[in-house]
Amino acid sequence: MSKRLFFSLVFAAAAAIGLDQSAKAEDKFIIVQSTTSTQNSGLFDDLLPKFTAKSGIEVRVVAVGTGQAIKNAANGDGDVLFVHSKPSEEKFVTDGFGVSRADVMYNDFVIVGPASDPAGVYGLTDVSAALTKIAEGKATFASRGDDSGTHKAELRLWTAAGIDPAQASGSWYRETGSGMGATLNTGTGMGAYVLTDRATWIAFGNKGTHEIAVEGDSKMFNQYGVILVNPETHPHVKAAMGQRFIDWLLSKEGQTAISAYKIDGQQLFFANANKGSS
């Protein structure tokens, strides 16, 4: 073998190794299907760089309503599901799309409304009573109407109050079909009451005259859960990296980072990972 050919082969092998390593580096990311509330609140902007700095794994978030996030994950369009509708999450696992589910954090839902308070609900802590007054007074209520975790929670609350708001669709009950931020913009623009997660409300910039009108009912508890998409159902799932992200969220470091996230001194999420997480 000539010396020139030898060095050509050496350089070609080195280049191939370099390309392989570069490709592996480019592949070092996971896709997380999540909700608009975790994105709109700014939590991910604060949280994910900490995980990436520790692990070298980039996290790419698809922020949609919980219902759409679950559909996307069920189709294999993601490695991790991080949402807030526990019954739907448990069904996702039961149906074979997820490995297991773990609690990560919680906050609560609130109803915000205009300072004029046309339904007279300001200060109420009974959400059923508040929704009843809104419906009886035909006060404008803006709903996400998008099968999100917040929308699912809202419908459960209407049902608990014995009210079917769909009968008033298009009149005092307005369905935006949009995310939380867009629905809050619509609500503040039309002087409507809106059910929102507290974190998004705290981070929301276009409050106008709207304030929190109804809060404190245990029915408004808002739990978030995380699930690894099942690699047996979707073999392309990056299970090891996805599980590493989940383990970090549930670890003391991840839980501390979640609880430490604040806006204007207000804590937005409260870490409550399952006992036994390390």
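**Exercise 1. The enclosed space**

Task: Determine how many cavities of 30 Å³ or more are counted in this predicted model, and describe the lining of the largest cavity.

Solution: 

1. The count comes to one cavity of 30 Å³ or more.
2. The space in the largest cavity is about 30 Å³.
3. Its lining consists of Arg144, Thr150, His151, Glu154 and Leu195.
4. Sorted by class, this lining has one nonpolar, two polar and two charged residues.
5. Helix 7, residues 149–160, gives the largest share of the lining, with three residues.

**Exercise 2. The helix beside the cavity**

Task: Compare the reach of helix 7 with the expected value, state which of its residues are buried, and identify the residue with positive phi that follows the helix.

Solution: 

1. Helix 7 has 12 residues, and the distance from its first C-alpha to its last is 17 Å.
2. At 1.5 Å a residue, 16 Å is expected, and the reach of helix 7 is close to that value.
3. The buried residues of the helix are Gly149, Thr150, His151, Lys152, Ala153, Glu154, Leu157 and Trp158.
4. Among these buried residues are Thr150, His151 and Glu154, which also line the largest cavity.
5. After helix 7 comes Gly162, with a positive phi near 75 degrees.

**Exercise 3. The largest pocket**

Solution: 

1. Two elements, helix 5 (86–94) and strand 9 (221–229), each supply at least two of the lining residues.
2. The classes represented are three nonpolar, four polar and two charged residues.

**Exercise 4. The surroundings of Thr200**

Task: Locate Thr200, decide whether Thr200 is buried or exposed, and list its contacts beyond four places in sequence.

Solution: 

1. Thr200 belongs to helix 9, which covers residues 198–203.
2. Its relative accessible area is 2%; because this is under the 20% cut-off, Thr200 is classed as buried.
3. Once neighbours within four places in sequence are set aside, Thr200 is in contact with Ser37, Asn40, Ser41, Met180 and Leu184.

**Exercise 5. Two packed helices**

Task: Describe how helix 10 and helix 11 pack, and name the residues that meet.

Solution: 

1. Helix 10 spans residues 239–250 and helix 11 spans residues 252–260; their packing angle is about 65 degrees, and their axes lie 4 Å apart.
2. From helix 10, Trp248, Leu249 and Leu250 take part; they meet Lys252, Glu253, Gly254, Gln255, Ala257 and Ile258 of helix 11.
3. By class, the residues of this contact are five nonpolar, two polar and two charged.

Notes. Residues numbered from 1 in each chain as written. Predicted model: local features only at pLDDT ≥ 70, side-chain atom pairs only at ≥ 80, totals over all residues. Heavy atoms only, no water. Nonpolar A, V, L, I, M, F, W, Y, C, P; charged D, E, K, R; others polar. Buried < 20%, exposed > 50% of the residue type's maximum accessible area, 1.4 Å probe, protein only. Contact = heavy atoms within 4.5 Å. 1 Å grid on protein atoms, 1.4 Å probe; cavity = no way out; pocket = protein on both sides within 12 Å on 5 of 7 lines; lining within 4 Å. Points joined across faces, edges and corners; volume = space filled by probe spheres on them. Expected span 1.5 Å × (residues − 1). Axes fitted to C-alpha atoms, helices over the stretch in contact; angles between N-to-C directions.
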